[in-house]
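Here are my notes for someone opening this structure for the first time. Keep the view beside you and go through the points in order.

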Amino acid sequence: MNRTTISLIAGTAALAAITGFASLTAPGASGAGTAKAAAELPVERTTLLCPQPSTSDLADTSYTSFTPVTKGTGSDGTAQLRSATEQSADTSGADGKTGGKTGGKTGGKKDSKKGNKKKAGKPTTDKPVLTPKEPGKPVTGDTSGADTPALVGTAEGRLAPGWAVQETTEVAAGTGRGLQGVNCTAPDTEFWFPGASTDPARTDYVHLTNPDDSAAVVDIELYGKDGALKSTVGEGITVAPHSSDPVLLSTLTDEKQTDLTVHVNVRSGRVGAAVQALDDKLGGDWLAAATDPAGSLVLPGIPKDATAVRLIAFTPGDADADLKLRLASPSGQITPAGNETLHVKAGMTTAVDLGPVTRGEAGSLVLTPTDKSVPVVAALRVVRGKGDKQETAFIPATSPVGTRATSADNSGKGTTLSLAAPTRTAQVKVTASAGSDGGTAVSKTYTIKAGTTQDIAAPVPSGLQGTYALTVEPLSGGPVYAARTLAATEEGVPGFTVQTLPDDRGTVAVPEADQDLSVLQK
(Lines give C-alpha, C1' and ligand atoms only; values in the text may rest on other atoms or scores of the structure.)
Protein backbone atom coordinates (compact mmCIF):
# COMPACT_ATOMS: atom_id res chain seq x y z
CA MET A 1 0.00 0.00 0.00
CA ASN A 2 2.74 2.42 0.98
CA ARG A 3 4.87 1.58 -2.04
CA THR A 4 1.81 1.94 -4.28
CA THR A 5 1.34 5.47 -3.02
CA ILE A 6 4.86 6.40 -4.06
CA SER A 7 4.44 4.75 -7.47
CA LEU A 8 1.20 6.65 -8.06
CA ILE A 9 2.90 9.98 -7.44
CA ALA A 10 5.78 9.07 -9.74
CA GLY A 11 3.40 7.83 -12.42
CA THR A 12 1.36 11.03 -12.35
CA ALA A 13 4.52 13.10 -12.62
CA ALA A 14 5.60 11.08 -15.66
CA LEU A 15 2.18 11.50 -17.29
CA ALA A 16 2.30 15.24 -16.74
CA ALA A 17 5.75 15.51 -18.30
CA ILE A 18 4.63 13.56 -21.35
CA THR A 19 1.32 15.27 -22.06
CA GLY A 20 1.89 18.78 -20.80
CA PHE A 21 -1.71 18.84 -19.56
CA ALA A 22 -1.79 16.64 -16.48
CA SER A 23 -1.56 18.07 -12.99
CA LEU A 24 -1.68 16.69 -9.51
CA THR A 25 -3.40 18.30 -6.54
CA ALA A 26 -2.69 16.64 -3.24
CA PRO A 27 -5.36 16.69 -0.51
CA GLY A 28 -4.61 18.79 2.53
CA ALA A 29 -2.36 16.97 4.96
CA SER A 30 0.06 17.67 7.75
CA GLY A 31 3.34 16.05 8.64
CA ALA A 32 5.11 13.53 6.43
CA GLY A 33 3.89 12.84 2.93
CA THR A 34 2.86 16.38 1.93
CA ALA A 35 3.85 17.79 -1.46
CA LYS A 36 6.22 20.67 -2.01
CA ALA A 37 5.69 23.47 -4.48
CA ALA A 38 5.43 22.19 -8.03
CA ALA A 39 8.60 21.89 -10.09
CA GLU A 40 8.64 22.88 -13.77
CA LEU A 41 9.75 19.97 -15.95
CA PRO A 42 10.10 19.87 -19.75
CA VAL A 43 7.26 18.15 -21.60
CA GLU A 44 8.31 14.95 -23.34
CA ARG A 45 5.84 14.86 -26.24
CA THR A 46 4.19 17.57 -28.36
CA THR A 47 1.66 17.21 -31.19
CA LEU A 48 1.11 19.98 -33.77
CA LEU A 49 -1.37 20.16 -36.65
CA CYS A 50 -0.95 22.26 -39.81
CA PRO A 51 -4.03 22.86 -42.00
CA GLN A 52 -4.06 22.41 -45.76
CA PRO A 53 -2.49 25.71 -46.89
CA SER A 54 -4.36 26.44 -50.11
CA THR A 55 -6.38 25.06 -53.01
CA SER A 56 -4.87 27.61 -55.41
CA ASP A 57 -2.53 26.40 -58.15
CA LEU A 58 -0.62 29.67 -57.62
CA ALA A 59 0.23 28.98 -53.97
CA ASP A 60 3.80 28.65 -52.72
CA THR A 61 4.06 27.37 -49.14
CA SER A 62 6.98 27.14 -46.74
CA TYR A 63 7.14 25.36 -43.39
CA THR A 64 9.59 26.26 -40.64
CA SER A 65 10.12 24.03 -37.60
CA PHE A 66 11.96 25.16 -34.48
CA THR A 67 12.50 23.94 -30.93
CA PRO A 68 14.17 26.30 -28.43
CA VAL A 69 16.91 24.94 -26.20
CA THR A 70 15.37 23.88 -22.88
CA LYS A 71 17.23 23.03 -19.69
CA GLY A 72 16.57 19.63 -18.15
CA THR A 73 15.99 17.68 -21.35
CA GLY A 74 17.85 14.51 -22.21
CA SER A 75 20.13 13.95 -25.18
CA ASP A 76 17.61 12.01 -27.29
CA GLY A 77 14.67 13.28 -29.30
CA THR A 78 12.81 12.99 -32.59
CA ALA A 79 10.36 15.15 -34.51
CA GLN A 80 8.54 14.73 -37.79
CA LEU A 81 5.79 16.37 -39.84
CA ARG A 82 3.90 14.01 -42.15
CA SER A 83 0.94 14.31 -44.45
CA ALA A 84 -2.34 13.70 -42.61
CA THR A 85 -3.57 11.70 -45.61
CA GLU A 86 -0.38 9.65 -45.60
CA GLN A 87 -0.94 8.80 -41.95
CA SER A 88 -4.54 7.92 -42.75
CA ALA A 89 -3.36 5.48 -45.38
CA ASP A 90 -1.06 3.89 -42.81
CA THR A 91 -3.90 3.44 -40.30
CA SER A 92 -6.03 0.31 -40.65
CA GLY A 93 -9.74 1.00 -40.66
CA ALA A 94 -9.41 4.66 -41.69
CA ASP A 95 -11.41 5.13 -44.86
CA GLY A 96 -10.61 8.82 -45.26
CA LYS A 97 -14.28 9.80 -45.46
CA THR A 98 -15.53 12.90 -43.71
CA GLY A 99 -18.95 13.96 -42.61
CA GLY A 100 -18.52 17.71 -43.16
CA LYS A 101 -19.45 19.59 -46.29
CA THR A 102 -16.39 20.82 -48.10
CA GLY A 103 -15.66 23.16 -50.93
CA GLY A 104 -12.53 24.05 -52.84
CA LYS A 105 -11.26 27.22 -54.42
CA THR A 106 -8.90 27.66 -57.33
CA GLY A 107 -8.10 30.80 -59.31
CA GLY A 108 -10.74 32.83 -57.49
CA LYS A 109 -13.79 30.79 -58.58
CA LYS A 110 -16.01 29.34 -55.90
CA ASP A 111 -16.45 25.65 -56.60
CA SER A 112 -19.32 25.49 -54.12
CA LYS A 113 -21.47 27.49 -56.54
CA LYS A 114 -20.99 24.72 -59.10
CA GLY A 115 -21.86 22.03 -56.60
CA ASN A 116 -18.33 20.64 -56.64
CA LYS A 117 -16.68 19.32 -53.49
CA LYS A 118 -13.05 18.46 -53.01
CA LYS A 119 -11.33 16.26 -50.52
CA ALA A 120 -8.67 18.04 -48.51
CA GLY A 121 -5.02 17.31 -48.84
CA LYS A 122 -4.62 14.87 -51.74
CA PRO A 123 -1.14 13.31 -51.32
CA THR A 124 1.52 14.65 -53.67
CA THR A 125 4.96 13.49 -54.57
CA ASP A 126 6.53 16.80 -53.45
CA LYS A 127 4.71 17.09 -50.12
CA PRO A 128 6.91 18.59 -47.39
CA VAL A 129 8.16 16.28 -44.69
CA LEU A 130 10.23 17.97 -41.99
CA THR A 131 12.49 15.99 -39.69
CA PRO A 132 14.20 18.37 -37.22
CA LYS A 133 17.40 17.03 -35.68
CA GLU A 134 18.43 19.43 -32.92
CA PRO A 135 17.05 22.25 -30.73
CA GLY A 136 18.15 25.79 -31.49
CA LYS A 137 18.24 25.55 -35.29
CA PRO A 138 15.26 25.97 -37.66
CA VAL A 139 14.48 23.41 -40.36
CA THR A 140 12.53 24.46 -43.46
CA GLY A 141 10.61 22.80 -46.29
CA ASP A 142 8.81 24.18 -49.34
CA THR A 143 6.01 23.08 -51.62
CA SER A 144 3.72 24.60 -54.23
CA GLY A 145 0.35 24.13 -55.87
CA ALA A 146 -3.16 23.20 -54.79
CA ASP A 147 -2.60 19.64 -53.58
CA THR A 148 -0.45 20.26 -50.51
CA PRO A 149 -2.06 18.27 -47.69
CA ALA A 150 -2.61 19.04 -44.04
CA LEU A 151 0.26 17.89 -41.82
CA VAL A 152 0.35 16.06 -38.50
CA GLY A 153 3.51 16.42 -36.44
CA THR A 154 4.91 14.82 -33.30
CA ALA A 155 8.03 15.77 -31.35
CA GLU A 156 9.49 13.76 -28.49
CA GLY A 157 12.35 14.06 -26.02
CA ARG A 158 14.56 17.13 -26.32
CA LEU A 159 12.69 18.33 -29.44
CA ALA A 160 9.29 18.45 -27.69
CA PRO A 161 9.46 21.44 -25.25
CA GLY A 162 8.30 24.59 -27.03
CA TRP A 163 8.21 23.00 -30.48
CA ALA A 164 6.84 25.54 -32.99
CA VAL A 165 5.96 25.19 -36.68
CA GLN A 166 4.97 28.10 -38.93
CA GLU A 167 3.06 27.62 -42.22
CA THR A 168 3.47 30.58 -44.61
CA THR A 169 1.84 30.74 -48.04
CA GLU A 170 2.13 33.28 -50.86
CA VAL A 171 -0.77 33.32 -53.33
CA ALA A 172 0.07 35.32 -56.45
CA ALA A 173 -3.46 36.15 -57.64
CA GLY A 174 -7.14 35.38 -57.21
CA THR A 175 -9.32 35.34 -54.14
CA GLY A 176 -7.19 35.43 -51.01
CA ARG A 177 -4.10 36.61 -52.90
CA GLY A 178 -1.22 37.83 -50.76
CA LEU A 179 0.59 36.44 -47.74
CA GLN A 180 -1.12 33.92 -45.44
CA GLY A 181 0.41 32.58 -42.25
CA VAL A 182 -0.59 30.36 -39.35
CA ASN A 183 1.10 28.73 -36.39
CA CYS A 184 0.49 24.99 -36.43
CA THR A 185 -1.46 24.25 -33.26
CA ALA A 186 -1.99 21.54 -30.69
CA PRO A 187 -5.23 19.53 -30.82
CA ASP A 188 -8.01 20.60 -28.45
CA THR A 189 -11.75 20.21 -27.86
CA GLU A 190 -13.10 23.78 -28.13
CA PHE A 191 -12.29 26.83 -30.28
CA TRP A 192 -13.71 30.35 -30.74
CA PHE A 193 -13.27 32.34 -33.97
CA PRO A 194 -14.75 35.87 -33.87
CA GLY A 195 -14.14 37.54 -37.24
CA ALA A 196 -15.35 34.91 -39.71
CA SER A 197 -17.88 35.79 -42.41
CA THR A 198 -20.39 34.52 -44.97
CA ASP A 199 -20.42 37.81 -46.88
CA PRO A 200 -20.67 37.24 -50.67
CA ALA A 201 -17.13 38.63 -51.09
CA ARG A 202 -15.70 36.18 -48.55
CA THR A 203 -14.95 32.48 -48.78
CA ASP A 204 -14.25 31.17 -45.29
CA TYR A 205 -13.36 27.60 -44.36
CA VAL A 206 -13.02 25.98 -40.95
CA HIS A 207 -10.19 23.46 -41.26
CA LEU A 208 -10.54 20.49 -38.89
CA THR A 209 -7.58 18.11 -38.52
CA ASN A 210 -7.75 14.88 -36.51
CA PRO A 211 -4.37 13.47 -35.33
CA ASP A 212 -5.71 10.38 -33.56
CA ASP A 213 -6.49 6.76 -34.40
CA SER A 214 -10.25 7.17 -33.85
CA ALA A 215 -12.75 9.48 -35.53
CA ALA A 216 -13.62 12.85 -33.99
CA VAL A 217 -17.18 14.23 -33.93
CA VAL A 218 -17.49 18.02 -34.15
CA ASP A 219 -20.28 20.60 -33.92
CA ILE A 220 -19.86 24.00 -35.62
CA GLU A 221 -22.07 26.82 -34.32
CA LEU A 222 -22.40 30.22 -36.02
CA TYR A 223 -23.40 33.43 -34.23
CA GLY A 224 -24.29 36.61 -36.10
CA LYS A 225 -25.53 40.08 -35.21
CA ASP A 226 -28.92 38.75 -34.10
CA GLY A 227 -27.75 35.59 -32.37
CA ALA A 228 -27.34 31.96 -33.38
CA LEU A 229 -27.80 31.12 -37.06
CA LYS A 230 -30.12 28.18 -37.62
CA SER A 231 -28.34 25.20 -39.12
CA THR A 232 -28.38 21.46 -38.62
CA VAL A 233 -25.66 20.81 -41.20
CA GLY A 234 -22.93 21.82 -38.75
CA GLU A 235 -23.94 19.21 -36.18
CA GLY A 236 -22.14 15.91 -35.81
CA ILE A 237 -19.43 16.41 -38.44
CA THR A 238 -17.21 13.32 -38.47
CA VAL A 239 -13.49 13.83 -39.06
CA ALA A 240 -11.87 10.50 -39.89
CA PRO A 241 -8.69 9.34 -38.11
CA HIS A 242 -5.50 11.02 -39.31
CA SER A 243 -7.32 13.25 -41.78
CA SER A 244 -8.33 16.86 -42.39
CA ASP A 245 -11.65 18.35 -43.46
CA PRO A 246 -12.10 21.97 -44.65
CA VAL A 247 -15.73 22.99 -44.03
CA LEU A 248 -17.02 25.90 -46.13
CA LEU A 249 -19.07 28.17 -43.84
CA SER A 250 -21.50 29.19 -46.58
CA THR A 251 -22.62 25.54 -46.83
CA LEU A 252 -23.75 25.64 -43.18
CA THR A 253 -26.20 28.54 -43.53
CA ASP A 254 -28.07 30.53 -46.17
CA GLU A 255 -27.62 33.78 -44.25
CA LYS A 256 -25.05 36.25 -45.55
CA GLN A 257 -23.45 38.10 -42.66
CA THR A 258 -20.36 40.28 -42.61
CA ASP A 259 -19.30 39.38 -39.09
CA LEU A 260 -19.67 35.95 -37.51
CA THR A 261 -18.36 34.16 -34.48
CA VAL A 262 -17.64 30.47 -35.09
CA HIS A 263 -17.70 28.06 -32.16
CA VAL A 264 -16.12 24.65 -32.74
CA ASN A 265 -17.07 22.12 -30.07
CA VAL A 266 -15.68 18.58 -30.19
CA ARG A 267 -18.13 15.96 -28.91
CA SER A 268 -15.63 13.12 -29.01
CA GLY A 269 -11.92 12.98 -29.77
CA ARG A 270 -9.89 16.10 -30.43
CA VAL A 271 -8.94 18.20 -33.46
CA GLY A 272 -6.88 21.13 -34.57
CA ALA A 273 -8.96 24.01 -35.94
CA ALA A 274 -8.26 27.22 -37.87
CA VAL A 275 -10.34 29.48 -40.13
CA GLN A 276 -9.04 30.43 -43.57
CA ALA A 277 -10.66 33.76 -44.56
CA LEU A 278 -10.38 34.59 -48.26
CA ASP A 279 -11.64 37.89 -49.71
CA ASP A 280 -12.25 38.68 -53.38
CA LYS A 281 -10.71 42.16 -53.07
CA LEU A 282 -8.84 42.38 -49.76
CA GLY A 283 -6.65 39.30 -49.98
CA GLY A 284 -6.87 36.85 -47.11
CA ASP A 285 -5.22 35.22 -44.15
CA TRP A 286 -5.72 32.65 -41.42
CA LEU A 287 -7.85 33.50 -38.40
CA ALA A 288 -6.40 31.61 -35.44
CA ALA A 289 -8.54 30.69 -32.45
CA ALA A 290 -9.01 33.43 -29.85
CA THR A 291 -8.03 32.82 -26.26
CA ASP A 292 -10.74 31.44 -23.95
CA PRO A 293 -13.59 33.81 -23.00
CA ALA A 294 -12.45 36.32 -20.35
CA GLY A 295 -13.53 39.63 -18.85
CA SER A 296 -10.35 41.44 -19.95
CA LEU A 297 -8.52 40.83 -23.24
CA VAL A 298 -5.41 42.02 -25.07
CA LEU A 299 -5.05 42.05 -28.88
CA PRO A 300 -1.37 42.86 -29.53
CA GLY A 301 0.63 43.97 -32.54
CA ILE A 302 -1.59 46.18 -34.71
CA PRO A 303 0.66 47.36 -37.58
CA LYS A 304 1.44 51.06 -37.31
CA ASP A 305 0.49 51.63 -40.97
CA ALA A 306 -2.92 49.91 -40.71
CA THR A 307 -5.47 51.76 -42.85
CA ALA A 308 -8.54 50.09 -41.31
CA VAL A 309 -9.09 48.11 -38.11
CA ARG A 310 -12.35 46.34 -37.22
CA LEU A 311 -13.08 44.85 -33.79
CA ILE A 312 -15.36 41.80 -33.60
CA ALA A 313 -16.54 40.63 -30.16
CA PHE A 314 -18.92 38.00 -28.79
CA THR A 315 -20.07 36.96 -25.33
CA PRO A 316 -21.17 33.32 -25.00
CA GLY A 317 -22.99 33.76 -21.69
CA ASP A 318 -26.46 35.02 -20.78
CA ALA A 319 -25.37 38.51 -19.72
CA ASP A 320 -24.47 41.51 -21.86
CA ALA A 321 -20.91 42.82 -21.69
CA ASP A 322 -19.83 46.46 -21.52
CA LEU A 323 -16.20 46.95 -22.46
CA LYS A 324 -13.79 49.85 -22.14
CA LEU A 325 -11.51 50.23 -25.19
CA ARG A 326 -7.93 51.46 -24.79
CA LEU A 327 -5.03 51.53 -27.23
CA ALA A 328 -1.64 50.75 -25.68
CA SER A 329 0.64 53.01 -27.73
CA PRO A 330 4.41 53.64 -27.38
CA SER A 331 3.67 56.53 -24.99
CA GLY A 332 0.90 54.91 -22.92
CA GLN A 333 -2.77 53.98 -23.07
CA ILE A 334 -5.12 56.26 -25.01
CA THR A 335 -8.83 56.10 -25.87
CA PRO A 336 -9.69 55.59 -29.56
CA ALA A 337 -11.61 58.66 -30.71
CA GLY A 338 -15.34 57.97 -30.74
CA ASN A 339 -14.91 54.42 -29.45
CA GLU A 340 -14.50 54.72 -25.69
CA THR A 341 -16.79 51.76 -24.93
CA LEU A 342 -18.48 48.82 -26.64
CA HIS A 343 -21.74 47.12 -25.67
CA VAL A 344 -21.88 43.41 -26.58
CA LYS A 345 -25.29 41.76 -26.33
CA ALA A 346 -25.38 38.23 -24.96
CA GLY A 347 -25.16 35.57 -27.66
CA MET A 348 -24.74 38.11 -30.47
CA THR A 349 -21.70 39.14 -32.51
CA THR A 350 -20.89 42.84 -32.30
CA ALA A 351 -18.48 44.68 -34.59
CA VAL A 352 -17.16 48.24 -34.72
CA ASP A 353 -14.84 50.02 -37.14
CA LEU A 354 -11.91 51.71 -35.42
CA GLY A 355 -10.42 53.17 -38.61
CA PRO A 356 -6.65 53.81 -38.82
CA VAL A 357 -6.49 53.64 -35.04
CA THR A 358 -2.70 53.35 -34.66
CA ARG A 359 -1.98 56.49 -36.74
CA GLY A 360 1.62 55.62 -37.53
CA GLU A 361 2.58 54.18 -34.15
CA ALA A 362 2.76 50.69 -32.69
CA GLY A 363 -0.39 49.66 -30.87
CA SER A 364 -2.29 46.93 -29.03
CA LEU A 365 -5.98 46.99 -28.15
CA VAL A 366 -6.84 46.43 -24.49
CA LEU A 367 -10.41 45.51 -23.51
CA THR A 368 -11.54 45.75 -19.88
CA PRO A 369 -15.00 45.67 -18.26
CA THR A 370 -16.59 49.04 -17.47
CA ASP A 371 -18.28 47.52 -14.43
CA LYS A 372 -19.25 43.86 -14.07
CA SER A 373 -16.83 41.41 -15.67
CA VAL A 374 -18.49 39.25 -18.36
CA PRO A 375 -16.45 36.72 -20.40
CA VAL A 376 -16.02 37.67 -24.06
CA VAL A 377 -14.00 36.57 -27.08
CA ALA A 378 -12.63 39.04 -29.61
CA ALA A 379 -10.48 39.51 -32.71
CA LEU A 380 -9.34 42.30 -35.02
CA ARG A 381 -9.47 42.40 -38.80
CA VAL A 382 -6.62 44.62 -39.98
CA VAL A 383 -6.21 46.12 -43.48
CA ARG A 384 -3.05 47.62 -44.95
CA GLY A 385 -2.77 49.47 -48.27
CA LYS A 386 -5.28 51.46 -50.29
CA GLY A 387 -7.51 51.01 -53.32
CA ASP A 388 -6.88 47.78 -55.21
CA LYS A 389 -3.62 47.21 -53.30
CA GLN A 390 -5.11 46.23 -49.95
CA GLU A 391 -4.40 43.14 -47.86
CA THR A 392 -6.00 41.69 -44.74
CA ALA A 393 -4.78 39.94 -41.60
CA PHE A 394 -6.36 38.98 -38.28
CA ILE A 395 -5.28 39.43 -34.66
CA PRO A 396 -7.22 37.31 -32.14
CA ALA A 397 -7.19 38.09 -28.44
CA THR A 398 -4.38 36.06 -26.93
CA SER A 399 -2.99 34.90 -23.60
CA PRO A 400 0.28 36.37 -22.30
CA VAL A 401 3.69 35.01 -23.23
CA GLY A 402 4.03 33.46 -19.78
CA THR A 403 7.36 31.63 -19.50
CA ARG A 404 8.37 31.59 -23.18
CA ALA A 405 6.99 31.89 -26.71
CA THR A 406 8.49 31.44 -30.17
CA SER A 407 7.89 32.69 -33.70
CA ALA A 408 9.48 30.17 -36.05
CA ASP A 409 9.69 31.82 -39.50
CA ASN A 410 11.38 35.23 -39.76
CA SER A 411 13.38 37.18 -42.30
CA GLY A 412 15.95 39.91 -41.77
CA LYS A 413 13.86 42.75 -43.23
CA GLY A 414 10.24 41.57 -43.18
CA THR A 415 9.81 40.86 -39.46
CA THR A 416 8.29 43.18 -36.84
CA LEU A 417 8.05 42.02 -33.22
CA SER A 418 5.50 43.85 -31.04
CA LEU A 419 5.62 43.60 -27.24
CA ALA A 420 2.93 45.01 -24.93
CA ALA A 421 2.89 45.40 -21.14
CA PRO A 422 -0.65 46.60 -20.39
CA THR A 423 -0.46 46.68 -16.58
CA ARG A 424 3.14 46.81 -15.27
CA THR A 425 6.59 47.50 -16.67
CA ALA A 426 8.32 44.30 -17.81
CA GLN A 427 11.81 43.24 -18.79
CA VAL A 428 11.99 40.82 -21.70
CA LYS A 429 14.76 38.80 -23.32
CA VAL A 430 14.48 38.16 -27.07
CA THR A 431 16.70 35.58 -28.74
CA ALA A 432 17.23 35.27 -32.49
CA SER A 433 18.21 31.69 -33.26
CA ALA A 434 20.83 30.52 -35.69
CA GLY A 435 19.63 30.68 -39.29
CA SER A 436 18.28 27.63 -41.06
CA ASP A 437 21.28 27.72 -43.42
CA GLY A 438 23.84 29.35 -41.15
CA GLY A 439 24.48 32.09 -38.60
CA THR A 440 24.96 32.54 -34.87
CA ALA A 441 22.24 33.11 -32.26
CA VAL A 442 21.97 36.58 -30.66
CA SER A 443 20.03 37.75 -27.56
CA LYS A 444 18.97 41.22 -26.40
CA THR A 445 17.03 42.48 -23.38
CA TYR A 446 14.29 45.12 -23.58
CA THR A 447 12.25 47.11 -21.06
CA ILE A 448 8.58 47.62 -21.95
CA LYS A 449 6.98 50.37 -19.85
CA ALA A 450 3.59 49.87 -18.22
CA GLY A 451 0.64 50.57 -20.51
CA THR A 452 2.72 50.66 -23.70
CA THR A 453 3.37 48.69 -26.88
CA GLN A 454 6.79 48.73 -28.52
CA ASP A 455 7.73 47.57 -32.00
CA ILE A 456 11.23 46.57 -31.00
CA ALA A 457 14.30 46.34 -33.21
CA ALA A 458 14.51 42.59 -32.74
CA PRO A 459 17.94 40.99 -32.96
CA VAL A 460 19.04 39.24 -36.15
CA PRO A 461 21.51 36.32 -36.12
CA SER A 462 25.04 37.30 -37.02
CA GLY A 463 25.96 35.90 -40.42
CA LEU A 464 22.31 35.01 -41.10
CA GLN A 465 21.57 32.60 -43.91
CA GLY A 466 18.01 31.39 -44.42
CA THR A 467 15.21 32.00 -41.92
CA TYR A 468 15.42 32.22 -38.14
CA ALA A 469 13.27 31.96 -35.02
CA LEU A 470 12.55 34.59 -32.37
CA THR A 471 12.06 33.41 -28.79
CA VAL A 472 10.52 35.78 -26.22
CA GLU A 473 11.15 35.23 -22.49
CA PRO A 474 9.83 37.67 -19.84
CA LEU A 475 12.40 38.15 -17.07
CA SER A 476 10.55 40.35 -14.56
CA GLY A 477 7.57 42.65 -14.10
CA GLY A 478 4.01 42.33 -15.33
CA PRO A 479 2.48 40.12 -18.03
CA VAL A 480 3.77 40.55 -21.58
CA TYR A 481 1.74 40.07 -24.77
CA ALA A 482 3.48 39.58 -28.10
CA ALA A 483 2.79 39.37 -31.83
CA ARG A 484 4.98 38.97 -34.88
CA THR A 485 4.17 40.61 -38.25
CA LEU A 486 5.76 39.12 -41.36
CA ALA A 487 5.57 41.37 -44.43
CA ALA A 488 6.38 40.84 -48.11
CA THR A 489 5.33 43.28 -50.82
CA GLU A 490 4.51 41.74 -54.20
CA GLU A 491 3.63 43.91 -57.23
CA GLY A 492 2.84 46.86 -54.96
CA VAL A 493 0.48 44.90 -52.69
CA PRO A 494 1.62 45.06 -49.03
CA GLY A 495 1.24 41.39 -48.17
CA PHE A 496 1.43 40.65 -44.45
CA THR A 497 0.39 38.18 -41.79
CA VAL A 498 0.28 38.49 -37.99
CA GLN A 499 0.71 35.69 -35.43
CA THR A 500 0.27 36.17 -31.69
CA LEU A 501 2.75 34.49 -29.33
CA PRO A 502 1.12 32.82 -26.31
CA ASP A 503 3.08 30.64 -23.89
CA ASP A 504 4.60 27.63 -25.66
CA ARG A 505 3.67 25.24 -22.82
CA GLY A 506 7.14 23.74 -23.02
CA THR A 507 7.14 22.88 -19.32
CA VAL A 508 4.59 21.39 -16.97
CA ALA A 509 4.21 21.77 -13.22
CA VAL A 510 4.88 18.50 -11.35
CA PRO A 511 4.63 18.42 -7.53
CA GLU A 512 7.83 17.48 -5.75
CA ALA A 513 7.60 14.83 -3.06
CA ASP A 514 8.56 16.05 0.41
CA GLN A 515 11.82 14.67 1.74
CA ASP A 516 9.91 12.94 4.54
CA LEU A 517 7.92 10.89 2.00
CA SER A 518 10.37 8.05 2.60
CA VAL A 519 8.66 7.29 5.92
CA LEU A 520 5.81 5.74 3.91
CA GLN A 521 8.13 2.89 2.95
CA LYS A 522 8.56 1.78 6.54
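This is a predicted model: local features need pLDDT of at least 70, side-chain atom pairs count only at pLDDT 80 or more; totals for chains, interfaces and linings use all residues.

1. Start with the one disulfide counted here, a disulfide being a pair of cysteine sulfur atoms within 2.5 Å. Cys 50 and Cys 184 are the partners, with 2.1 Å from S to S.

2. Residues are numbered from 1 along each chain as its sequence is written, and side-chain values use heavy atoms, with hydrogens and water left out.

3. Back to the cysteines: what does the bond look like, and what does it tie together? The torsion about the S-S bond of Cys 50 and Cys 184 is about 110°, so this disulfide is right-handed. Cys 50 sits in strand S2 (residues 45-50) and Cys 184 in the loop between strand S10 (178-183) and strand S11 (190-196), so the pair ties together parts 134 residues apart in sequence. Helices (H or I, at least four residues) and strands (E, at least two) are DSSP runs, numbered from the N terminus.

4. Now look for the largest nonpolar core, which has 29 residues; Ile 302, Leu 311, Leu 367 and Leu 380 touch the most other members. Such a core is a set of buried Ala, Val, Leu, Ile, Met, Phe, Trp, Tyr and Cys residues joined through side-chain atoms within 4.5 Å. Strand S22 (residues 321-329) gives the largest share of this core, four residues. A second, separate core of 26 residues includes Phe 191, Ile 220, Leu 222 and Leu 287.

5. Leu 367 is worth a click. Leaving aside neighbours within four places in sequence, its contacts (heavy atoms within 4.5 Å) include Gly 295, Leu 311, Lys 324 and Ala 378.

6. Which strands pair with S22? Two strands pair if DSSP finds at least two bridges between them. S22 pairs in the antiparallel sense with strand S26 (residues 363-369) over six bridges, where Ala 328 has Ser 364 as its bridge partner. Strand S24 (residues 341-344) is also antiparallel to S22, with four bridges, and there Lys 324 stands opposite Thr 341.

7. Elsewhere, four strands form an open antiparallel sheet in the order S34-S30-S37-S38. Strand S34 (452-456) and strand S38 (493-500) are at the edges with a single partner strand each, so one side of each is left without a neighbour in the sheet. From one strand to the next, the twist averages 20°. Eight bridges join strand S37 (residues 481-490) to S38, and one of the bridge pairs is Ala 487 with Phe 496.

8. Last, is Arg 202 buried or exposed? Arg 202, in strand S12 (residues 202-210), has 10% relative accessibility, so it counts as buried. A polar atom of the Arg 202 side chain lies 3.0 Å from the backbone oxygen of Gly 195.

Conventions
Buried means under 20% relative accessible area, exposed over 50%, partly exposed in between (1.4 Å probe, protein chains only). A polar contact is a pair of N or O atoms within 3.5 Å; within protein, one must be able to donate a hydrogen and the other to accept it, and residues adjacent in sequence count only if both atoms are side-chain atoms. Axes are lines fitted to C-alpha atoms, for helices over the stretch in contact, and angles run from 0 to 180 degrees between N-to-C directions.
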